[in-house]
Amino acid sequence: MARARSAQKVSKKAFPRRTKKVVSTKGINTSPQSRSVGAGKSARRPSGASQAEAERLLGEERLAILQEAAGIGLWEWDVVSRVIDCSPECGRLHGIPIDESVPLTSEEWLEKFYPADRQRANQEAIAALEGRREYCLQYRVVWPDGSLHWLFGKAKVFRDSRGQPIRMLGITMDITERITAEEAHRTTAQRFELFMKHLPAAATIKDLSGRFVYANPKCERLAARPREQWVGRTADEIWPDVLAAQVKEHDRQVIRTGRASTQEYAWQTPGGFRYYQSVHFPIPGADGATALVGGVALDITARKLADQERQTLLA
């Protein structure tokens with residue numbers, strides 16, 4: 001296909017060989033003045049061939065610099081010969097030493113992948129070659145220093161006039177930082193849920209409009225409704241009118257002062273008349289201003305009843 005042949009020509013320029021030799025433009029004057037007619041009698045204008053070669057080498061250096069700066073490597077798989085060539089940045093991302101010979105065979109390339117990811121990588125490549133889906137893969141590699149890195153690869157398959165795959169052209173980028181951040185976020189969320197599950201108090205979080213955005217399992221005992229039914233609702237939809245008014249005023253005080261505040265509440269619950277000590281506190285946003293209002297309500301019914309009984313005995 002004409003499109004495939006055109007892309008093949010471009011790809012060869014996009015893949016400077018990984019070698020110890022560093023191409024330098026030192027001594028090559030690529031300024032516009034050096035190419036202008038009449039730039040000086042003593043100036044020797046390079047021939048068309050040498051000038052084109054200088055510009056090609058300069059272009060390759062610029063491409064290599066851009067790839068390194070962006071952390072994106074390029075690779076090309078010749079399906080017919082089962083050989084994979086890659087740019088210097090792509091080799092670095094896979095932990096391939098600069099002095100290791102390239103291109104690599106398909107088997108040698110797959111060995112660069114983390115063992116547990118090799119089968120999945122092979123399956124994705126086969127699916128792409130068969131035209132079932134695009135090649136798109138997250139996988140791990142281990143560098144020579146033993147460090148583990150996450151990579152993301154995406155590629156397009158080029159076919160001949162009969163529709164047979166002849167080569168695959170792809171990019172690879174390092175996503176270790178993103179994966180690490182996602183894992184840290186999941187760990188934090190799991191710890192938060194575990195803490196809230198075993199907290200011996202009802203805990204809630206509301207936005208500034210007074211709508212619940214979080215309620216822990218203990219909240220189900222307060223209003224006899226599943227915690228999922230708390231989220232998105234206001235105090236008016238959860239509590240009796242008098243109690244809802246008290247809770248909303250408590251929240252407004254916290255938002256107005258930016259300080260935590262403690263109050264006691266008493267109301268009839270499905271399990272009987274209960275007393276709660278509730279602490280409401282501001283939760284700041286990125287700018288430091290109050291963004292949410294947190295609340296923790298501890299059942300103090302036993303203590304209150306004991307105090308009342310003691311007062312009765314002393315009377």
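I began with the surface: the protein chain exposes about 19,500 Å², of which carbon and sulfur atoms supply 55% (accessible areas by the Shrake-Rupley method with a 1.4 Å probe, where for residues only the protein chains shown count as cover). I note that this is a predicted model, in which local features need pLDDT of at least 70 and side-chain atom pairs count only at pLDDT 80 or more, while totals for chains, interfaces and linings use all residues. Residues are numbered from 1 along each chain as its sequence is written, and side-chain values use heavy atoms, with hydrogens and water left out.

The protein chain has eleven helices and eleven strands (DSSP runs numbered from the N terminus, helices being H or I of at least four residues and strands E of at least two).

Next I turned to the nonpolar cores (sets of buried Ala, Val, Leu, Ile, Met, Phe, Trp, Tyr and Cys residues joined through side-chain atoms within 4.5 Å). The largest has 25 residues, of which Trp75, Trp77, Trp109, Phe113, Tyr135 and Met168 touch the most other members. The elements giving two or more residues to this core include β1, β2 (83–86) and α6 (115–129). A second, separate core of 16 residues includes Cys219, Trp230, Val247 and Tyr265.

I also checked Glu76, which lies in strand β1 (residues 72–78) and is buried, with a relative accessible area of 14%. Its side chain makes a polar contact with the side chain of Arg167 at 2.9 Å (a pair of N or O atoms within 3.5 Å; within protein, one must be able to donate a hydrogen and the other to accept it, and residues adjacent in sequence count only if both atoms are side-chain atoms).

Last, I traced an open sheet of five strands, in the order β8-β7-β11-β10-β9, with antiparallel pairing (strands pair if DSSP finds at least two bridges between them). Since β8 (212–215) and β9 (261–269) stand at the edges, each with a single partner strand, one side of each is left without a neighbour in the sheet. Six bridges join β7 (residues 202–207) to β11 (residues 290–299), which run antiparallel, and Ile205 stands opposite Gly294 in β11.

Technical notes
Buried < 20%, exposed > 50% of the residue type's maximum accessible area, 1.4 Å probe, protein only.
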